[in-house]
Amino acid sequence: MEADFRVAHPEKAHAPDHKEPGSESAREMVVEATNLEKRFGTLVAVDGISFRVYEGEAFGFLGPNGAGKTSTMRMIQCVSPRTSGELRVFGMDTQEHPREIKQTMGVVPQENNLDPDFPVREGLIQFARYFDIPHADAVKRADELLSLMALEEKKNTTVEKLSGGMKRRLILARALMNRPRLLILDEPTTGLDPQARHLIWEGLRDLVSQGNTILLTTHYMEEAAHLCDRIVIMDHGKILVEGKPQDLVKRYAGDYIVEADSTQEVQECLKRHDIIFDAYEGRVQIFTQDPKEVTRLLLDECSMGGEVAARPASLEDVFLRLTGRTLRE
Amino acid sequence: MLGLPISYRVWKVWRRNMVTFMRTWKVNFIPPFLEPVLYLLALGLGVGSFISDIQGVSYPRYIAPALISIAVMNAAFFECTYASYVRMYYAKTFDAMIATPLSIEEVIAGELLWGATRGLIYAVLMFPVLLAFGVIDLPSSFLIFPFVILAGLLFAGLGMCFTAISPGIDALNYPSFLLITPMFLFSGTFFPLNLLPPFIQIIALALLPLAHVVIVFRSFTLDMISLSILPSLVWLASATLILFIVSIRLMKRRLIV
Ligand SMILES: Nc1ncnc2c1ncn2[C@@H]1O[C@H](COP(=O)(O)OP(=O)(O)O)[C@@H](O)[C@H]1O
Ligand SMILES: [Mg+2]
């Protein structure tokens with residue numbers, strides 16, 4: 001049973017697909033997944049997903065905890081073998097050419113794994129050795145990135161003395177040491193305060209505007225809306241939708257959301273007027289392109305007693321509609 | 001190499017450990033000097049004063065090769081158990097490394113070579129101390145060094161197998177108590193194996209790598225090299241090869257999911 005979440009305004013049709021032939025298909029494909037599946041024993045973590053990421057694109061995986069985002073990223077990083085399906089990065093099979101792929105990839109893992117035995121700057125230089133980067137280049141690159149990430153003052157500090165935000169910035173710097181053609185970020189800003197988050201976003205936006213290809217996972221809607229050209233929303237190992245953030249908002253949440261207290265009366269009145277709504281926690285939510293009319297209707301014809309509020313729809317509304325409101329661990 | 005995707009990159013892992021080891025070299029270099037002095041004083045002069053000789057060899061000269069063997073065992077085994085476990089589980093250093101062009105096989109092989117190197121460093125530092133006490137012969141004793149590397153690799157592989165299957169770092173105490181400690185005592189280290197019941201002798205020679213290491217090292221430090229060490233050399237080479245491959249397999253099974 002598939003629920004139809006689209007907003008009830010068929011006359012305002014919008015592009016049904018993200019693909020703009022001619023623009024994207026002409027660009028080189030960086031990641032190509034077809035029916036990609038990952039199982040842990042009997043648990044299906046990634047359930048036959050297909051997607052493509054093109055050069056120069058910022059592509060986001062949005063989904064609640066346990067959706068399968070990290071499992072997907074780890075397969076792309078060539079560190080976790082797939083159960084079935086196809087997966088190519090830079091046109092190469094991840095299982096057959098892991099070294100070549102990893103050579104030109106940068107990774108910000110979900111869990112920090114900075115080497116605690118090295119001070120900041122030395123750690124970057126050590127990491128460059130794994131990529132066969134000549135020492136002089138590594139030194140130059142480390143200094144550049146430390147200044148880019150505002151970590152110059154910390155260059156001789158041990159990793160454990162860094163704050164959470166600094167560690168994340170250092171990991172981002174580390175991921176950029178080999179000038180990757182593809183940067184993978186698994187929840188780059190989870191657990192950071194707003195200042196630290198914005199600093200990382202700034203850095204990432206610069207990278208995107210310079211034409212870098214970025215693949216990120218997040219459960220922050222704002223982050224996805226902010227940084228990504230295109231996103232997929234994932235849940236229970238499946239991709240639910242794919243598209244540009246603003247298109248998805250339009251398509252699955254409309255332009256505006258009107259919220260009001262939910263009573264039997266209000267619900268019946270809305271049904272009478274053929275208005276689609278969601279009801280939860282004692283509230284009704286109406287997805288609409290005409291908030292004034294809906295508000296008027298609620299106040300005048302449904303004899304609303306309580307408060308009525310209208311606001312622009314956001315990616316969060318799409319997300320909650322598609323993935324439900326049940327709490328995940 | 002050995003059908004595993006192992007290249008020159010193992011030395012990058014080895015070097016990473018060498019760099020961090022050398023950062024605290026002063027602390028790391030004290031025990032190799034101190035330990036043989038303490039053992040030779042306590043066992044050699046203390047216990048040894050009640051022992052005229054063992055098989056025609058003075059007691060300090062009898063235990064000297066055992067001291068090197070034990071040091072190599074401890075250095076390599078404990079490097080590849082507790083220290084490797086910390087890098088693997090707590091610091092997630094291996095996870096970071098395999099996201100680079102390094103393969104998991106190279107990371108573990110690099111750790112094993114490093115474990116063997118720890119044993120070699122220990123042996124090299126002990127060597128002049130033992131020379132100064134006049135308990136090892138020259139130049140035949142120099143022959144131990146290639147076999148120190150072999151023994152180091154063996155105990156590194158043994159340790160790495162336990163690291164791969166330990167649910168937690170505390171579980172590593174079991175092989176330390178139940179394997180390393182008895183091996184330390186019953187490998188012909190401080191008294192000849194043939195004083196033990198034949199049944200235990202057979203078990204020791206069949207299962208305890210240290211027994212064979214001691215046989216080989218002792219023949220070199222006492223300048224009594226003969227073909228009788230050949231079975232021990234074959235035993236050590238085979239065990240090292242098997243443990244090298246098995247430990248890499250086990251670690252791969254643990255880390256690549
Ligand atoms: N190594 C593993 N062993 C067993 N189950 C795992 C493992 N890694 C992830 N899972 C399970 O796979 C599912 C997807 O996890 P994950 O990819 O981490 O999701 P996300 O990153 O979206 O939170 C979850 O149910 C998780 O418990
Ligand atoms: Mg995750």
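Me: How is exposure of a residue read here, and is Phe199(B) buried or exposed?

Reply: Buried means under 20% relative accessible area, exposed over 50%, and partly exposed in between (1.4 Å probe, protein chains only). Phe199(B) has 60% relative accessibility, so Phe199(B) counts as exposed. This is a predicted model, in which local features need pLDDT of at least 70, side-chain atom pairs count only at pLDDT 80 or more, and totals for chains, interfaces and linings use all residues. Residues are numbered from 1 along each chain as its sequence is written, chains are lettered from A and ligands numbered from 1 in the order in which they are written, and side-chain values use heavy atoms, with hydrogens and water left out.

Me: Where is Phe199(B) placed?

Reply: Helices are DSSP runs (H or I, at least four residues), numbered from the N terminus. Phe199(B) is in helix α8 of chain B, residues 198-207.

Me: Which backbone atoms lie close to oxygen atoms of ligand 1 in polar contacts?

Reply: A polar contact with the ligand is a pair of N or O atoms within 3.5 Å. An oxygen atom of ligand 1 is 2.7 Å from a polar backbone atom of Gly66(A). For a backbone N or O atom of Lys69(A), the distance to a ligand oxygen is 2.8 Å, and for one of Gly68(A) it is 3.0 Å.

Note on methods. Polar contact = N/O pair within 3.5 Å; in protein donor to acceptor, adjacent residues only side chain to side chain. Helix = DSSP H or I, 4+ residues; strand = E, 2+ residues; numbered from the N terminus.
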